[in-house]
Amino acid sequence: MENSVTHDGIATLLSNKTLDSSSVRPEIVVQVVDLKPVGNRYTFSANDGNMKIKAMLPATLASDINSGKIQNLGLIRLLEYTVNDIPGKSEDKYLLVTKCEGVGSALDSEIKSVFKDSTGITLKPKHEFVAKSASQIINEERGNAAPAARMAMTRRVHPLVSLNPYQGSWTIKVRVTNKGVMRTYKNARGEGCVFNVELTDEEGTQIQATMFNAAAKKFYDRFEMGKVYYISRGSLKLANKQFKTVQNDYEMTLNENSEVEEARNEEMFIPETKFNFVPIDELGAYINQKELIDVIGVVQSVSPTMSIRRKNDNEMIPKRDIVLADETKKTVVVSLWNDLATGLGQELLDMADKHPVIAIKSLKVGDFQGVSLSTISRSNVVINPDSPEASKLKSWYDSEGKETSMSAIGSGMNSSANNGSRSMYTDRVSLSHFTSNPLLGEEKPAFFSTRAYISFIKPDQTMWYRACKTCNKKVTEAMDSGYWCEGCQKKDDECSLRYIMAVKVSDSTGEVWFSAFNDEAEMIIGCTADELNTLRSEEGEMNEFQAKLKEATWSSHLFRVCVSQQEYNSEKRQRITVKGVSPIDFAAETRLLLQDISKKTSQ
């Protein structure tokens, strides 16, 4: 067996990767190629002449490597091993060798596909070739290594999972998987700048690193997306959940004295940007939560760039809305801000007719138009990503999705809990819950579900506004003719009407006023604002407008509402806004009543 590798050995171990730890694994001989240190472990490529697979040796085998029992270009017999997926690349595998033995001295070259017989491949070492152990090779390479490589050879690389705030000096080896923009801020201590990056190590663990002022200016240009770095002399603290973007209990801060060295020309098992996609029909559960989400979808439409005035500093900033769809047959509006709106947004507009797939990391979920998404400074957008999720989504859209009728996730929340929006049967309260708690929603908006009747719709109220057909923002009459949209910065000959109305609702415990916007009001009234306006303008003995409002009165609905506090004439008032309307499911209502009865009888 000496000086011979197992024919198709890599294919054999890949076919047996599902064996459990108690199963007998075949003993396979492979050649060790490109043996390198990574922290206190070693990586190499296992070669059988036909195939190679990335592999790793644990620290327990370091003595065999240093003594020369395991050599670069030498042969080893695999005794105990497992085949694992590379994080983020399920189609790629790596071999973790926990026990092996050297069976042949180092050869003078890498074994190629030269078969001698059906059992193995043989290549004799040259007599003049002097075998060197890995430790000898490393010592010779240290003098010529780049600074980053010397750092790897002389200092132990710590996995991110092992770091904590009480640890002494450490060095990590990580890939930049997301880079935020440089932001300025102003507070009581003065003005400054800040930016952050998301870092991922070879085990797939992530951490967010933040840099302020001088450190931010020093490292902003040095950190580049996708590149790998050695980092040391940073500090850790517990992560602020409000600004947390990765799954890690800690966050890192780098200062002017931190060391950041690019790891050049080194092969690593470090994944690219990791996404944790949320299907569009499940976004409702994240409304107004601090948790950021990732989404993937097919671009349905892209709006022109709009200019929005920011409230805190009155600055005009660019915004662009895109509509995404996925296999749940739901759509959602994503607002791109600042550079994403002008740069990437224009790129999407140019290719909108091709309906590209985009993946977006770190989005905030809001309640505008029911459910909406918005980018933040550290959001990352990838057009047509090379991933199984993107391929599957594009295949679905090309085969059936483009012909499928889509509906907006925010247009009426179904009473079933399976659609991802909060169920109409959770957080159920009666109307007295609002009237008896006038300060409800003072600290932050509160969400509830309730069942009530529409008891009154005031006919002479302002029930709609003139809206832009592109962005749905309010328009004004132009000087000559048509309508001017401040959001789109353009004039149009026509506009549409969109509901903004108040309705009184009642149940057995009391009555309150609800504010309803376009989609929810349409479900209450039963027609669009344009259609209702037409009925109001008709003349005759039979007033169809009044009849339509009367028809909507004393109808029962399930409502999903948001309760907040608004200031009017220096006085805070409770405002209840309808976020979803559903018809009564009497079977589900019966089950809910039975549950309430069983709870009361068991007390």
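How much accessible surface does the protein have, and what share of it belongs to carbon and sulfur atoms? The accessible surface comes to about 31,400 Å². Carbon and sulfur atoms hold 47% of that. One caution before I go on: this is a predicted model.

Some overall numbers. The protein has 603 residues, and buried residues make up 46% of them. The secondary structure comes to twelve helices and 31 strands. Now the contacts between residues at least 6 apart in sequence. Of these, 64% join residues at least 24 apart.

On to the cores. The largest nonpolar core has 35 residues. Which of them have the most contacts inside it? They are Phe-434, Phe-514, Ile-525, Leu-532 and Phe-559. Several elements supply at least two residues each. The strands are β23, residues 446–456, β28, 496–507, β29, 510–517, β30, 556–568, and β31, 571–582. The helices are α9, 518–525, α10, 529–537, and α11, 544–552. Strand β28 gives the most, with five residues.

Set aside residues up to four places away in sequence. Phe-434 then touches Val-429, Leu-440, Phe-448, Val-512, Val-561, Val-563, Gln-574 and Ile-576. There is also a second, separate core, with 28 residues. Val-332, Leu-336, Leu-348 and Val-371 are among them.

Which of its residues are buried? Phe-545, Lys-548, Leu-549 and Ala-552. Note the lysine in that list. Seen down the axis of α11, the buried residues fall within an arc of 95°, so they line one face of the helix. Lys-550 and Glu-551 are exposed on the other side. And what do the buried residues of α11 pack against? They pack against β23, α9 and α10. Just after the helix comes Trp-554, with a positive phi of about 60°.

As a reminder, an α-helix has 3.6 residues a turn, so residues three or four places apart point the same way.

Lys-329 lies between β18, 316–325, and β19, 330–337. Its phi is positive, about 65°, although Lys-329 is not a glycine. Is Lys-329 buried, partly exposed or exposed? It is partly exposed, at 39% relative accessible area.

Asn-472 is another non-glycine with a positive phi, about 70°. Where is Asn-472 found? In the loop between β24, residues 464–467, and β25, residues 475–477. Asn-472 counts as partly exposed, at 23% relative accessibility.

Stay with β25 and move to the loop that joins it to β26, residues 483–485. Gly-482 has its place there. At 18% relative accessibility, Gly-482 counts as buried, because the cut-off for buried is under 20%. Which C-alpha is 4.2 Å from that of Gly-482? The C-alpha of Asp-493, eleven residues away along the chain. Leaving aside neighbours within four places in sequence, Gly-482 is in contact with Thr-476, Glu-477, Asp-492 and Asp-493.

Last topic, the cysteines. How many disulfides are there? The count comes to zero. Take Cys-485, which is in no disulfide. The nearest cysteine sulfur is that of Cys-471, 3.5 Å away. A pair of sulfur atoms has to be within 2.5 Å to count, so this pair is not a disulfide. Cys-485 is buried, with a relative accessible area of 2%. Cys-527 counts as buried as well, at 8%.

How values were computed:
Residues numbered from 1 in each chain as written. Predicted model: local features only at pLDDT ≥ 70, side-chain atom pairs only at ≥ 80, totals over all residues. Heavy atoms only, no water. Core = buried A, V, L, I, M, F, W, Y, C linked by side-chain atoms within 4.5 Å. Buried < 20%, exposed > 50% of the residue type's maximum accessible area, 1.4 Å probe, protein only. Helix = DSSP H or I, 4+ residues; strand = E, 2+ residues; numbered from the N terminus. Contact = heavy atoms within 4.5 Å. Arc of directions from axis to C-beta. Areas by Shrake-Rupley, 256 points an atom, 1.4 Å probe, with all protein chains shown as cover.
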